[in-house]
Amino acid sequence: MTLLQAIERVVELAEDSKLSQEFMKKAKTEIQFLAKSYGVTERQAVLFCVCMEKGPRRVDYDDLASYLDLNKIGVLSYASDIDALVRRRLLRYRDVKDEDDFDIPTAVIRCLKHNEVYQLPKRTGLDCSELFELLDMWFEDLDDNAISPKELREELEALFNDNPQIGFVRHLKEYYLKDNDQLLVTFFCHCLINKDDDDIRFSQMEDLFDSKNEFNIAKGSLRSGEHKLMKKELIEHRCEDGIADNARYKLTESAKRTLLAEMNINTSTEKLADVIDPNTLSEKQLFFPKDIQRQVEELGRFLQTENYQKIQERMKEKGFRNGFACLFYGLPGTGKTETVYQLARQTGRSIMVVDVPRIKSKWVGESEKNIKALFDRYREQVKRAQLTPILLFNEADAIIGIRKNGAQSAVDKMENSIQNIILQEMETLNGIMIATTNLQQNLDKAFERRFLYKIKFDKPTEEARAHIWHSMIPDLSKLDVHTLASKYDFSGGQIENIARHYTIDNILHGNSEDILSMLIRHCDNERLDEKNSRKIGFSWE
């Protein structure tokens, strides 16, 4: 019997049962199995099952009363059982100020899908990485109002007292901070380690305080630079072009080196990549010619968790490199970047998007350090993440182009050095790297050999263009779709631009009676034919 099967049986028998002895007897086998598995009482096991059925998001006592056919007063007698399930972290209160609403944590549901019992994270004998995993869970609870700032401060104090062996804890204690300040600097460290965020705004800090007044006092001392954490050189204003921004804050470099030494983070002030959560990506249907569609689908199957793990293991057994590098190349607007996003969304993998222009701008002097730090950060992401993230070099022409033979200038030598570092990193890559480029003819042969998958994105066929037109503007008739698809050899990006123009026109001027004429006008503007465009500049003729 699986956990889900047991829950399904209990739920089936529990409806309108009033939790009678007869019900408890009928479902005895399943209830005892669940109670033993989760380490809860039999009644708590039943309540957990009902919450799964009525939720898993936003369940209240009225839901329990309705499902079990109990009066609203009587069901409140189970409050202590709900409290016990919350302590076991099988439930959590949606708002600590109102304990009438609760839900099932995502981690519990994830375990259930794999027929695994969710276990409470251990609290003692932790290393620094395990401590930050626990902090990530608690700060998520704070965001969801499932724990109060006061309760979080108490949890932190107990956690730190139980784990004095961790360097982060030991060094933090050396500053002799008050509870509020200890929570604030811990939050900054959590944002950097767990969210890759070293640019903290006031809106992110507000939930750390018990009252608006306490927050405003802290806000004033931060703005003025008089906050205790700033005097102790733990946090500082962020600077742009040498000017301090008193609405944005970061850990100081010395704080990163001291407090976070165990995490091997990059202490460079430059943020070279952003991390995108796959859950924030919207689903988008893409239309490709059959050959490209086949390759993209094959890549999607490869990135599915089970297949990826099997292939990784088999590669290791055979002595092959197990890193995976893929190149998407082709004309602009053909869906290269969006394909990466959709693959990430479908497979649940986060994307570490490299800021290629920023790396390029820092090549002289700092470039080798920056690119090494970038790959170090990706390795740390791979180590911490449940699913291997994707490292995305978008519009990567500037860093995977043809190396310069006999380079003499400092810039040319630096560019070659950067490319050599990337080539070496690709050799030892333990993860997933995808690069996109519009200029495949400029690709260095050494890079070409290191990309296992190379997918060329051509402009869509007429059939694909018809699908794109229809998906973007469903109001179009079949005849209009055919007219536009056959007349204009546009990429998906160009069609999307026109669809956006069409939507804006409808908002500003109302729906047009002649949709096709309006779209043809926008298509002609999008095309910008050379023969109709006026040349700008000087002519030497």
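Visitor: Is isoleucine 504 buried, partly exposed or exposed?
Guide: In this predicted model, local features need pLDDT of at least 70, side-chain atom pairs count only at pLDDT 80 or more, and totals for chains, interfaces and linings use all residues. Residues are numbered from 1 along each chain as its sequence is written, and side-chain values use heavy atoms, with hydrogens and water left out. Buried means under 20% relative accessible area, exposed over 50%, and partly exposed in between, with a 1.4 Å probe and protein chains only. Because its relative accessibility is 45%, isoleucine 504 counts as partly exposed.

Visitor: Which helix holds isoleucine 504?
Guide: Helices (H or I, at least four residues) and strands (E, at least two) are DSSP runs, numbered from the N terminus. By that numbering, the run of residues 492–509 that contains isoleucine 504 is helix α26.

Visitor: Which residues form a nonpolar patch on the surface?
Guide: Patches are made of residues with over 30% relative accessible area and no salt bridge, where nonpolar side chains (Val, Leu, Ile, Met, Phe, Trp, Tyr) are joined within 5 Å and like charges within 9 Å. A salt bridge here is a side-chain nitrogen of Lys or Arg within 4 Å of a carboxyl oxygen of Asp or Glu. Accessible areas come from the Shrake-Rupley method with a 1.4 Å probe, and for residues only the protein chains shown count as cover. The patch has about 340 Å² of accessible area together, and its members are Ile504, Ile507 and Leu508.

Visitor: Which residues form a negative surface patch?
Guide: For charges, Asp and Glu count as negative, Lys and Arg as positive, while His and the chain ends are not counted. The place of a charge is taken as NZ of Lys, CZ of Arg, CG of Asp or CD of Glu. The negative patch is formed by Glu8, Glu15, Asp16 and Glu53.

Visitor: Is leucine 19 buried or exposed?
Guide: Leucine 19 has its place in the loop between α1 and α2, and it has a positive phi of about 55° although it is not a glycine. Its relative accessibility is 13%, so leucine 19 counts as buried.

Visitor: Which residues does a cis peptide bond join?
Guide: The loop between α4 (42–54) and β1 (59–60) is the place of proline 56, and arginine 58 lies in the loop between α4 and β1 as well. Arginine 58 has a positive phi, near 55°, in a residue other than glycine. The cis peptide bond has an omega of about 5° and joins glycine 55 and proline 56.

Visitor: With which residues is serine 350 in contact, leaving aside its neighbours within four places in sequence?
Guide: Serine 350 is placed in the loop between α19 (336–347) and β9 (351–354), and it counts as buried because its relative accessibility is 16%. Contact means heavy atoms within 4.5 Å. With those neighbours left aside, serine 350 is in contact with Val275, Ile276, Pro278, Pro389 and Ile390.

Visitor: What percentage of the residues of the protein chain count as buried?
Guide: The protein chain has 27 helices and twelve strands, and its C-alpha trace spans about 95 × 65 × 60 Å along its principal axes. Of its 541 residues, the part that counts as buried is 46%.
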